Amino acid sequence: MRAAQRTIVAKTCRGGIMLDIKAVRQDPEAVASALARKGFNFPIADFEALDARRKSADVRAQSLLAERKAASKKIGELVGQGMSIDEAKAEVTTILDRIAADIDAATLEAKTVQVELDTLLHAVPNVPDDKVPEGNTEDDNIEVLKWGTPKQFDFSPKDHVDIGEAMGQLDGDSAGKITGSRFTVMSGALARLHRVLAQFMLYEHTVNHGYTELYVPFIVNSESLFGTGQLPKFAEDSFKLEGDQGYYLIPTAEVPVTNIARDRIFDDSELGDEGIKFVAHTPCFRSEAGSYGRDTRGLIRQHQFEKVELVQLVRPEQSEHALEQLTGHAEHILKKLDLPYRKVILCGGDLGFSAALTYDLEVWLPGQQAYREISSCSNFKDYQARRMQARWRNPATGKPELLNTINGSGLAVGRTLVAVLENYQQSDGSVIVPEALRPYMGGLESIR
């Protein structure tokens, strides 16, 4: 399976990047078997039929080009056989016109089939890593570790909505009036706590973990969404702006940050010892298509939310280490806030479209008596880089090679706020401010 993944390389065309049909042609059964672990049924018969048509059209076009070259030399032969120069030219012109029409037809056929192949291959997800466990749903994910002990309350713990509403600082009704469902208005100390959580995360990741902070556009073009794998598969999950520009609101900072590397070749020196490490705090916008009825209460599943996103661009041999490192940086935030969590590795059926391997961090929420996702940290290997043509120049060969991309939330700000409210709630309805956040809150020890 790893060999199949390594050999699926990319080529650039006017319409974007496509999987290399040569690699799939070499062993389509191996590719199909690997993708089946993701629940994806690779259409081998459709692929092979299209590939045969494309090959036939290409062969026909090449044959016609050779025929045209030979025909161009025929005037002298005809004159040598006793034909006048004008008659020879007229006959050869007729032959060339016929060949030109046949070449146009064969070229059009090849381009038409190539578009169909592009469409098929653009919808093929990344091949899962060997470490990915078998399984179909989140129930099949495997726990790697647990950290912290869930607090035992001497009262019945509330969920974050009841806590925030009782404070008068979490207001879904006003947001519903302003916009609609799955939006929230926060006020007072709660809004401040939400803001300082992002500031705290940025400080930790830049000062202690060596990430470069970025400010990026919150609107991207379709090429950027294609590069990271959101398009064309997940168009309905994004908010597209009206107009002819093809602009979308970002579903995550992963999109603009990773696309900084699109169509670039980095010098080896630019990667340093550990690759390039970016962090960005942005709003995120998701239509949540297909999630109706799930987590409609409160901040868990909103159309607009904020995240601090970590992105690493590394050499291929560094990607496994980079994923462990980046996940550890996200875990560091949870530990600093003293929030119990667990780390799970996603099974094939729960693995994202572009990801080869993903760890989910799930924080303990007393109000739900359950662990809930607060960060997904993924190794995409060269899948996104292939679509974006994000490369580095290997000094050993002097040739450009595909980068590997890794990203994850460090953390989702709204869900971290949920975890703080529920884990630090008091019987009188107040919430203790975690010690790590108090300097950002002007020394405030609790909110009421």
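Biologist: Why is His205 called buried in this predicted model?

Modeller: His205 has 0% relative accessibility. Buried means under 20% relative accessible area, so His205 counts as buried.

Biologist: Where is His205 found, and which residues is His205 in contact with, leaving aside neighbours within four places in sequence?

Modeller: His205 is part of helix H9. Its contacts beyond those neighbours include Tyr211, Val279, Val308, Leu310, His329 and Ile333.

Biologist: How do you know that H9 and helix H15 come within 10 Å?

Modeller: That comes from the axes of H9 (residues 188-208) and H15 (residues 413-423), which also cross at roughly 115 degrees. The crossing is right-handed. On the H9 side, the contact is made by Leu190, Leu193, His194, Leu197, Ala198 and Met201. On the H15 side are Val413, Gly414, Thr416, Leu417, Val420 and Leu421.

Biologist: What classes of residue make up the contact of H9 with H15?

Modeller: There are nine nonpolar residues, three polar ones and no charged ones. Gly counts as polar, so Gly414 of H15 falls in the polar class.

Biologist: What makes the pair of Phe42 and Phe47 tilted?

Modeller: The centres are 6.0 Å apart and the planes are at 45 degrees. Rings pair if their centres lie within 6.5 Å. Planes under 30 degrees apart count as stacked and over 60 as edge-to-face, so an angle of 45 degrees leaves the class tilted.

Biologist: Are Phe42 and Phe47 buried or exposed?

Modeller: Phe42 is buried, because its relative accessibility is 4%. Phe47 is buried too, at 1%.

Biologist: Why is the pair of Trp147 and Tyr341 called stacked?

Modeller: Their planes are 25 degrees apart, with 5.8 Å from centre to centre. Stacked means under 30 degrees, so this pair is stacked.

Biologist: What does the pair of Trp147 and Tyr341 tie together?

Modeller: Trp147 lies in strand E3 (residues 142-147) and Tyr341 in strand E12 (residues 341-345), so the pair ties together parts that are 194 residues apart in sequence.

Biologist: Why is Trp147 called partly exposed?

Modeller: Its relative accessible area is 26%. Buried means under 20% and exposed over 50%, so 26% falls in between. Tyr341, at 0% relative accessibility, counts as buried.

Definitions and conventions. Residues are numbered from 1 along each chain as its sequence is written. This is a predicted model: local features need pLDDT of at least 70, side-chain atom pairs count only at pLDDT 80 or more; totals for chains, interfaces and linings use all residues. Side-chain values use heavy atoms; hydrogens and water are left out. Axes are lines fitted to C-alpha atoms, for helices over the stretch in contact, and angles run from 0 to 180 degrees between N-to-C directions. Helices (H or I, at least four residues) and strands (E, at least two) are DSSP runs, numbered from the N terminus. A crossing is left-handed if the near helix is turned anticlockwise from the far one by less than a right angle, and right-handed if clockwise. Contact means heavy atoms within 4.5 Å. Buried means under 20% relative accessible area, exposed over 50%, partly exposed in between (1.4 Å probe, protein chains only).
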